[in-house]
Amino acid sequence: MIETMDQLYLIARVAGQRVAFPSAEIDSVVEIEAITPVPRGPRHIAGLAALRSRVLTVISAEAALGLDAPPPDPATVHHAAVVTCEGHLYGVIVEEVEDVVTISGAVQPLRSGFGSGWARVALGMMEYEGEALLLLGTAALVAGPLASAA
Amino acid sequence: MDELLGEFIAETRETLGPLVGEVVAWEAAPGDRARLDAIFRFVHTVKGSCGFLDLPRLERLSHAAEGALAEVREGRRTPDGVLVSAVLAIIDRIGEMVEALDAGEAFPEGGDDALILALEPGQDHPVSTAHAHAHAPAPAAAPAPAVARAAARSIRLPVDLLDRMMGGVSDLVLARNELSRRLRDAGHAGHVDAAFERLSGCIAEMREAITRTRMQRIENLFSALPRMVRDLGHELGKPVSLLVEGEDVELDREMIEMIRDPLTHIVRNAVDHGLESAEERARAGKPATGALRVTARQAGNQILIDIADDGRGVDSDRLVAKAVAAGILTVAEAQALPEARKLSLMFEPGLSTASAVTAISGRGVGMDIVRANIERIGGVVELASRPRVGTRLTLRVPLTLTIIPALTITAGGQDFALPRAAIDEIVRVSPKGARLEHVGDATVAVIRDRRLPVLALGEVLGLGGGDGGHPSTLVVLRPSGGQPFALGVDMVHDHEELVIKPAAPAVMATGLYAGTTLPDSGRPMLLLDPGGIAAVGGVALDIGAVAAPVAEGPVEETIRTLLFRDLDGADRAVRLGMVERIEDVPGDAVRLSGGRVRLAHKGRIIPVLGRDVPTDGRKLRVLMMSDGAAELAYAIAEVTDIVHLGRDIVPTALPGPVAGVVLVDGRQVELLDPHWLFATVLDARAPAERPLCLLLDGADRWTREVLRPLVESAGYRVALEGEADPAEARVIIAGSERAAPDGLPAPVVRLREHPERHGADDRTIYRYDREGLMAALRAGTGA
């Protein structure tokens, strides 16, 4: 169990689920378009996009969760949470970004009944506005479903 | 040397600040290995730099501190307050001396011994830094840094800042591009365009300048080596000759900084431990002077720096023994260790093969730091060594972070960049460029005299698109250390200088890419790794079979062609394969009969073709041609050359003796049509089959070149006046200007040059009245 008190979280929607990210892991939330695909890349790598003068590796959150979703359309505008992982810049595509909120209270361990993809990425559960939210770790999303495939 | 000294001062000053904090923190937690290592590295680096900058006092101080700290590192000594104070005192003294150096002042003599003594274990009295200072003469004890520092001629910038500037300029370029689009949409205004052009120029210039600030010739790194090696050699009594190559290789500034220390360590090690003493070399039968060679080169997407000596080589058994003694290996593990692994023990922390610790390089520090530094920038250190022959260390540093010349291409609808260093040539799939052959599943490109396996990039990348089996352009790649192959792409665009950044690990894991780049379009682009593409595409497989040189036979890209000056003075050419011999034949062997010139040659009668072949008994030079069955001779003036021609032949519109026109050194040359030549000859042997049309104005170009093919296409064989007996002719064609020859046995068709008739009884036919002309000819053939 991870104890947290009055931490900031980014509330977003991923694969139809309302989820929370620890906001300390998120550099910013940006709109990205014109994704350059990475042929033969892992499925959860949607491609590359430019963030100002830097290159962002775009992660499809759905594919990273092992969900059978079509790849993000390279031509449309997506919301992405920008995270830095081992010196590289990633943009995790989310369906919708709600807000950055303060949630106090402890992170509960994940209940059973989630798919392996969710279970791998989720750090735990927390309660917000009377609703249980999954707390997702960005590092696991960036790593993709390779671990579960091994 | 001034520059080196300046750099040393700046660097030392820069490291000193945070270091004092490290020492204090280390005192609080003596078990903190990372802090100890940081302090150790500092004094080690200072010692190393002082060695070749000829700063003996600084060197002595840092060597002493290093010695004490090494004991702590090896666990032979426990750090206490006394030691920490002593180390601090030395670090302070180093700082003061460096400031004095920078100000160009002499640092007062004395005081060093006390500081060094304080490092000795078992010192009863803690030596406070103040105490140490007290020994030094007053003026030097606390020089006021702000006053003492001289004005700097150059400034040190964090690469971060350069990166940000680079980023800013890239943004500027993107904004410029957008503005350019908007301006285009809005329609042009002269004065706005001019201003915009100026802005563009400024941005381009700025981009170039900032790009350059990040690039440095590796010369900057190598220039310190000769002096360093010379001084080391002197000190150790070893004559050393240093050969430095590849100074013009350009590296990202950051890379140069990262390589500087490792390279220094390696070179020092090579001179100190790698090379034997002159006496030892003499005993081993080697020249007294040791050879050290430092070379840099770009290979594919890496920069390789070799440091090779011809010394004694690495004693791997001794390394293993040390590793066992240090508890790194068990005896059993040591016995099972392959030779290559034994050598790599050199990179283990705390191991050194030198039996004597010297002031130059000797505590087994260095190599682990070398490896750590190189690996931190994504590089690799390779060690090759042969006992008694020498040692070679290779630093492989990735191209990423550097600016590389690249070629941008399109495949499967996506743009990619290829490192230009790996590109041999670019060839279009065309008759004169490359030909594709399909061997089973594989495609092979035939480019001049070599055959290369073809990989369609779109297919390798799983993009489909394009025409996989029939790419329009081939980029011949030679991956570093690999076999060449031809990469089929849909389109080739520009040569560009691109700033390459490492791609995310998951992208690199595909093995296909060497990095990412952000070109002016603002859309990220992937840099392809030629070696990776070859591996993924399976080129490495049956390469031997397909990469073989082109075999004899039908596979032939260029046409060996004989150039000659024809009898009419024109330059013409014929495929050499058709020519059996070139012969001079006596004039009396050539006869005109039945409208044909024939040559009596070696018991056979051979038809002679050519332009206005003289039959007046002059000696004749002929090309003897054969189609395997029939023979003919083509009369020429002289042979001029034999050349390889491409297949780029512009065919003539109508059949005739000339198949087409080719370019030879910029001149148009008519290539003879062997088919037509032989057809003419064989036809002539069976004159009954085709009626003869006699053209009376054979000297007229129009008659020869325009009329003749038309007449032939109407089913006649054609003879010019004098070539055939008029009695044989079914039809005779003559110009209207010419007086009508009398007593001709055949109907005469007369042609006029102008459309208008001359009076009602004008029976002539306008020469471009195709219908009328054909009708007259049909009457003759009975068609």
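These legends go with close-up views of a predicted model.

**Close-up 1. Helix 12 meets helix 13 in chain B.** Here we zoom in on helix 12 (residues 225–236) and helix 13 (residues 253–274) of chain B, whose axes come within 10 Å and cross at roughly 30°. The crossing of these two chain B helices is right-handed. On the helix 12 side, look for B:Leu225, B:Met228, B:Val229, B:Leu232, B:Gly233 and B:Leu236. Helix 13 answers with B:Leu263, B:Thr264, B:Val267, B:Arg268, B:Val271 and B:Asp272. Sort the contact residues by class and you get eight nonpolar, two polar and two charged.

**Close-up 2. The second largest pocket, with a volume of about 1200 Å³.** To find your way around, start with B:Gly610, B:Arg611, B:Arg704, B:Arg708 and B:Leu720, the closest to the pocket's centre among the 47 residues that line it. Strand 23 (596–601), strand 24 (604–609), helix 23 (674–685), helix 24 (701–713) and strand 32 (717–720) of chain B each give two or more residues to the lining.

**Close-up 3. What the lining of the second largest pocket is made of.** Going by class, the lining has 22 nonpolar, nine polar and 16 charged residues. Two domains of chain B, domain 5 (559–683) and domain 6 (687–781), each supply at least three residues to this lining.

**Close-up 4. A:Arg40, an arginine with a positive phi.** This residue's phi is about 65°, although A:Arg40 is not a glycine. You'll find A:Arg40 in the loop between strand 3 (28–32) and strand 4 (45–51) of chain A.

**Close-up 5. B:Arg388, in a chain B loop.** The loop in question runs between strand 6 (380–386) and strand 7 (390–398) of chain B. B:Arg388 isn't a glycine either, yet its phi is positive, at about 70°.

Technical notes
Residues numbered from 1 in each chain as written. Chains lettered and ligands numbered in written order. Predicted model: local features only at pLDDT ≥ 70, side-chain atom pairs only at ≥ 80, totals over all residues. Heavy atoms only, no water. Axes fitted to C-alpha atoms, helices over the stretch in contact; angles between N-to-C directions. Helix = DSSP H or I, 4+ residues; strand = E, 2+ residues; numbered from the N terminus. Left-handed = near helix turned anticlockwise from the far one by under 90°. Contact = heavy atoms within 4.5 Å. Nonpolar A, V, L, I, M, F, W, Y, C, P; charged D, E, K, R; others polar. 1 Å grid on protein atoms, 1.4 Å probe; cavity = no way out; pocket = protein on both sides within 12 Å on 5 of 7 lines; lining within 4 Å. Points joined across faces, edges and corners; volume = space filled by probe spheres on them. Domains from an automatic or database assignment.
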